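User: I have a structure open and would like to learn how to read it. Can you take me through it feature by feature?

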Amino acid sequence: MLNNVLNKAPSSCFTRQALAARPLTANRRSHRRSNTRCAASTMVQQPHPITIAPSKEPNFVQLADGSKMPMVAYGTFLMQQPGATRQALEVGYRHIDTARLYFNEAMIGQEIKEWIAADPANRKREDLYIVTKVFNDCHRPEDVRKSAEASLKDLDCGYIDCMLIHWPDAFMPGVEIDFMGDSVPRDDKVTLADTWKAMEKLVDDGIAKSIGLSNFSLRQVDEILKVARIQPVHNQVELSPYIPQWTLVEECKKRGVMCTAYCPLGGPSAIKPNKLIQDPVVLKLAQETNKSPAQVLTKWSIQRGVPALPKSSNFDRIKTTYEGIYDWKLTDEQMQALNGLENGYRTCAPGWKTWEDDNSYVKELTAAAA
Ligand SMILES: NC(=O)c1ccc[n+]([C@@H]2O[C@H](COP(=O)([O-])OP(=O)(O)OC[C@H]3O[C@@H](n4cnc5c(N)ncnc54)[C@H](OP(=O)(O)O)[C@@H]3O)[C@@H](O)[C@H]2O)c1
């Protein structure tokens with residue numbers, strides 16, 4: 001189903017230059033690396049399947065390496081709003097998702113420090129779960145390292161909780177690309193295994209506590225698991241009622257890899273019209289539950305057991321999406337109504353990306369095992 005619904009976004013202003021040109025207000029402080037080594041660094045790769053233990057705390061999911069990730073994250077793609085991260089922390093988000101590509105790590109890092117400094121007795125770095133990502137032009141081992149060090153320097157938060165490979169697609173180092181455009185020079189000198197080994201080194205050296213993937217198909221997840229000394233804990237992918245990717249989520253879970261939901265609200269309308277947040281079914285459920293459409297969509301995700309990363313730059317929306325999110329439930333009928341919206345509509349579909357069909361891959365695996 002996936003391959004026949006390749007909703008390609010038009011080539012747009014999402015070049016790295018355009019994203020980088022947005023002003024950042026935070027001070028860039030010196031790099032402070034934690035000496036803390038992660039338990040995962042000594043973890044020997046288990047034969048899969050490794051199952052993910054249900055967390056006793058409903059607000060968290062326990063990952064395969066024992067770390068705990070809050071179920072709702074503050075997403076920050078296209079977020080350049082000073083004060084927004086601080087607002088997210090004030091209203092309760094403890095999981096922040098950024099990326100080298102978003103050009104906001106320094107601002108986020110600065111606001112995290114300010115938030116902790118305002119009440120140091122009750123606020124600790126360890127209370128937060130910070131995710132960032134190595135972009136496509138940094139897949140070579142030396143570039144993975146440079147990118148990770150630059151992220152840590154900008155975030156200035158001692159360590160990264162989880163560093164992800166942003167996309168499984170390697171671009172030539174340093175190319176200036178139109179992110180949504182069709183043609184990008186590919187780097188055939190580096191394999192996913194090379195990149196993964198460099199990611200593992202980040203854990204060995206205390207830069208990241210955990211490592212993971214983003215936009216990986218199931219076959220690509222398996223490619224990593226075959227060579228991994230340190231297991232990937234996440235696969236961050238687009239997940240919403242329009243594109244629930246049931247097979248990918250379930251099969252990753254069996255392998256001990258937790259899928260997390262980007263574009264859970266239907267994505268930024270700056271890329272593609274957001275039809276989901278205005279879908280009549282979502283609006284009807286919002287009315288029935290007396291919640292906002294963003295709360296209904298975030299709830300759908302976490303109620304199916306998938307951490308969600310809703311983004312907003314708007315202070316009120318940051319607050320209302322998170323407010324009381326763990327304190328109520330959609331009924332089975334309401335969950336079914338949202339499940340019924342599946343249509344494969346993909347918001348984040350850069351022109352250079354070819355998506356793989358996970359259902360066909362599972363059929364191949366089943367046939368090979370028979
Ligand atoms: N790994 C990847 O490749 C990847 C790709 C995409 C996204 N992500 C991550 O996932 C996060 C979430 O995805 P996303 O930002 O693309 O999309 P999203 O969270 O599904 O949607 C964000 C859009 O919804 C709007 N919005 C938020 N709350 C709203 C509300 N209550 N009512 C109406 N509109 C609302 C936001 O506008 P305002 O800001 O104006 O509120 C923004 O335009 C990202 O921020 C990023 O951290 C990762």
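**Reading the fold**

Analyst: Of the 370 residues of the protein chain, 45% count as buried. Keep in mind that this is a predicted model. The secondary structure comes to 12 helices and 9 strands.

User: What share of the contacts between residues at least 6 apart in sequence join residues at least 24 apart?

Analyst: In the protein chain that share is 75%. Leu155 and Glu105 give a pair to look at: 50 residues separate them in sequence, yet their C-alpha atoms are 5.2 Å apart.

User: Where is Leu155 placed, and is it buried or exposed?

Analyst: Leu155 belongs to helix α4, residues 141-155. To judge burial, count C-beta atoms; the cut-off for buried is 20 or more others within 10 Å. Leu155 has 25 such neighbours, so it counts as buried. Beyond its neighbours within four places in sequence, Leu155 contacts Glu105, Ile108, Gly109, Ile130 and Thr132.

User: Now the sheet. What is the strand order, and how do the strands pair?

Analyst: The general idea comes first. Strands of a sheet pair through backbone hydrogen bonds, in a parallel or an antiparallel sense. Here an open sheet of 7 strands runs β3-β4-β5-β6-β7-β8-β9, with parallel pairing. β3 and β9 stand at the edges with a single partner strand each, so one side of each has no neighbour in the sheet.

User: How many bridges join β5 to β6, and how many join β6 to β7?

Analyst: Strand β5 (residues 129-134) and strand β6 (residues 160-165) are joined by 4 bridges. Val134 stands opposite Ile165 in β6. Between β6 and β7 there are 5 bridges, again with the strands running parallel. There, Leu164 has Gly212 of β7 as its bridge partner.

User: Which helix lies between β6 and β7, and what is the hand of that unit?

Analyst: Helix α5, residues 192-204, lies between them, and the β-α-β unit is right-handed. From β7 the chain crosses through helix α6 (residues 218-227) to β8, also in a right-handed β-α-β crossover. β7 and β8 run parallel and are joined by 2 bridges. Ser214 is partnered with Gln236 in β8.

User: How do I read the two faces of a strand? Take β9 as the case.

Analyst: In a regular strand the side chains alternate between the two faces of the sheet. In β9, Met258, Thr260 and Tyr262 take one side, Cys259 and Ala261 take the other, and all are buried. That makes 5 of the 5 residues of β9 (258-262) buried, so this strand is largely enclosed by the rest of the structure. Strand β8 (residues 234-238) pairs with β9 in the parallel sense over 5 bridges. Val237 has Ala261 of β9 as its bridge partner. The chain gets from β8 to β9 through helix α7, residues 246-254, in a right-handed crossover.

User: Which residues have the most contacts inside the largest nonpolar core?

Analyst: Met163 and Ala208 do, in a core of 84 residues. Leaving out residues up to four places away in sequence, Met163 touches Thr132, Val134, Ala148, Met199, Leu202, Ala208 and Ile211. There is also a second, separate core of 5 residues, which includes Ile177, Phe179, Met180 and Val184.

User: What does helix α2 pack against?

Analyst: Start with its buried residues: in α2 (residues 84-91) these are Ala84, Thr85, Gln87, Ala88 and Leu89. They pack against β3, β4, α3 and α10. Just after α2, Gly92 takes a positive phi of about 125 degrees.

User: Last, the ligand. How many residues surround it, and which are the closest?

Analyst: 28 residues surround the ligand, and the closest are Gly75, Tyr262, Leu265, Lys311 and Ser312. By type, the shell divides into 11 nonpolar, 14 polar and 3 charged residues.

Technical notes
Residues are numbered from 1 along each chain as its sequence is written. This is a predicted model: local features need pLDDT of at least 70, side-chain atom pairs count only at pLDDT 80 or more; totals for chains, interfaces and linings use all residues. A residue is near a molecule or strand if its C-beta atom, placed from the backbone, lies within 6 Å of it. Ala, Val, Leu, Ile, Met, Phe, Trp, Tyr, Cys and Pro count as nonpolar, Asp, Glu, Lys and Arg as charged, and the others, Gly among them, as polar. A residue is buried if 20 or more other C-beta atoms lie within 10 Å of its own, exposed if 12 or fewer, and partly exposed in between; C-beta atoms are placed from the backbone. Two strands pair if DSSP finds at least two bridges between them. A crossover is right-handed if, with the strands pointing away from the viewer, the path from the first strand over the helix to the second runs clockwise. Two residues are in contact if their C-beta atoms, placed from the backbone, lie within 7 Å. A nonpolar core is a set of buried Ala, Val, Leu, Ile, Met, Phe, Trp, Tyr and Cys residues joined through C-beta atoms within 7 Å.
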